[in-house]
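Thanks for coming. Please have a look at the sequence and the model on the screen, and then I will go through some of the parts.

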Amino acid sequence: MVQIIVVMPKAQDADSIRRILMKSGYANVFACSSGAKAVSLMHEFADGILISGYRMADMMYSDVRADMPDGFQMLLLASRDALSGRQQRGMVCLAMPLKVHELLDTLQMMTRGILRTRKKANAGSKGRSDEERALISGAKELLMTRNHMTEEEAHRYLQKCSMDNGTNLVETAQMVLAMNL
């Protein structure tokens with residue numbers, strides 16, 4: 001689930017956007033009307049999306065962005081004039097007046113990007129040990145020898161068995177080796 005924080009100059013505008021997002025299936029949506037509260041909320045989470053107006057009572061969007069954690073992306077909502085020349089890395093802009101389908105499509109795109117980043121980060125931290133790699137290789141070699149499979153076919157077979165049985169690849173490799181002793 002991606003955290004979404006909505007900060008707009010008027011509390012009722014932030015709450016209206018929050019309600020639209022909640023009705024559209026977004027569960028973790030927070031609304032506020034001050035930049036300080038938005039910054040405080042962002043620092044409670046590792047990543048997410050900040051939907052921001054151009055100017056809040058206590059600070060500009062650029063001040064909020066300066067205090068934004070690395071895992072967050074900003075969606076700036078402002079007039080076309082205010083948006084000209086404002087495009088920056090990690091920030092998407094939508095012109096006001098806002099069309100709901102544009103907001104939802106943009107959030108969906110941004111959410112997919114955050115989830116993809118999370119997946120890459122998790123995959124990088126799940127390196128296999130030498131012993132686990134040896135088990136998987138042994139199972140593939142056994143399948144290749146006994147069933148006349150290519151390495152790719154053996155790997156796909158292990159993956160499919162793993163998914164079908166609800167086990168991870170290492171456990172599946174152990175089962176294949178144990179059944180063929």
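Where does D67 lie? D67 sits in the loop between helix 3 and strand 4. Helices here are DSSP runs of H or I with at least four residues, strands are runs of E with at least two, and both are numbered from the N terminus.

Before I go on, a word on where this comes from. This is a predicted model, in which local features need pLDDT of at least 70 and side-chain atom pairs count only at pLDDT 80 or more, while totals for chains, interfaces and linings use all residues. Residues are numbered from 1 along each chain as its sequence is written, and side-chain values use heavy atoms, with hydrogens and water left out.

Back to D67. D67 counts as partly exposed because its relative accessibility is 40%. The scale is this: buried means under 20% relative accessible area, exposed means over 50%, and partly exposed is in between, with a 1.4 Å probe and protein chains only. Leaving out residues up to four places away in sequence, D67 touches V39 and H43. Contact means heavy atoms within 4.5 Å. D67 and M42 are 25 residues apart along the chain, and their C-alpha atoms are separated by 9.1 Å.

D63 is in helix 3. At 39% relative accessibility, D63 is partly exposed. Its C-alpha atom is 8.0 Å from that of G35, which is 28 residues away along the chain.

Now the inside. A nonpolar core is a set of buried Ala, Val, Leu, Ile, Met, Phe, Trp, Tyr and Cys residues joined through side-chain atoms within 4.5 Å. The largest one has 23 residues, and the members that touch the most others are I5, M42, L50, V64 and M74. Two or more residues come from each of strand 1 (4-7), helix 2 (35-42), helix 3 (61-66), strand 4 (72-78), helix 4 (80-83) and strand 5 (91-95). There is also a second, separate core of 18 residues, with M8, I17, V29 and L107 among them.

Is S52 buried or exposed? S52 has a relative accessible area of 0%, so S52 is buried. S52 is part of strand 3 (residues 48-53). Not counting residues up to four places away in sequence, S52 touches V7, M8, Y61, M74, L75, L76 and L77.

Y61 also turns up in an aromatic pair. Rings of Phe, Tyr and Trp (its six-membered ring) pair if their centres lie within 6.5 Å; planes under 30 degrees apart count as stacked, over 60 as edge-to-face and the rest as tilted. The model has 2 aromatic pairs by this rule. One of them is Y54 with Y61, a tilted pair at 5.3 Å centre to centre and 35 degrees between the planes. Y54 and Y61 are both buried.

Next, the loop between strand 5 and helix 5, where P97 is found. Most residues other than glycine have a negative phi, and most peptide bonds are trans. M96 and P97 are joined by a cis peptide bond, with omega about 0 degrees. L98 is in this loop too, and its relative accessibility of 25% is why L98 counts as partly exposed. Apart from neighbours within four places in sequence, L98 is in contact with L77 and L103.

H148 lies in the loop between helix 6 (130-147) and helix 7. H148 is not a glycine, yet has a positive phi of about 55 degrees. With a relative accessible area of 70%, H148 is exposed.

Last, how do helix 7 and helix 8 cross? The axes of helix 7 (residues 151-165) and helix 8 (residues 169-179) come within 9 Å and cross at roughly 105 degrees. Axes are lines fitted to C-alpha atoms, for helices over the stretch in contact, and angles run from 0 to 180 degrees between N-to-C directions. So helix 7 is roughly perpendicular to helix 8, a term for angles of 65 to 115 degrees. Helix 7 contributes H155, L158, Q159, C161, S162 and N165 to the contact, and helix 8 contributes L169, T172, A173, M175 and V176.

From helix 8, take T172. T172 is buried at 1% relative accessibility. Beyond residues up to four places away in sequence, T172 touches L158, C161, S162 and T167.

That is my last slide.

How values were computed: Parallel < 35°, antiparallel > 145°, perpendicular 65-115°, else oblique.
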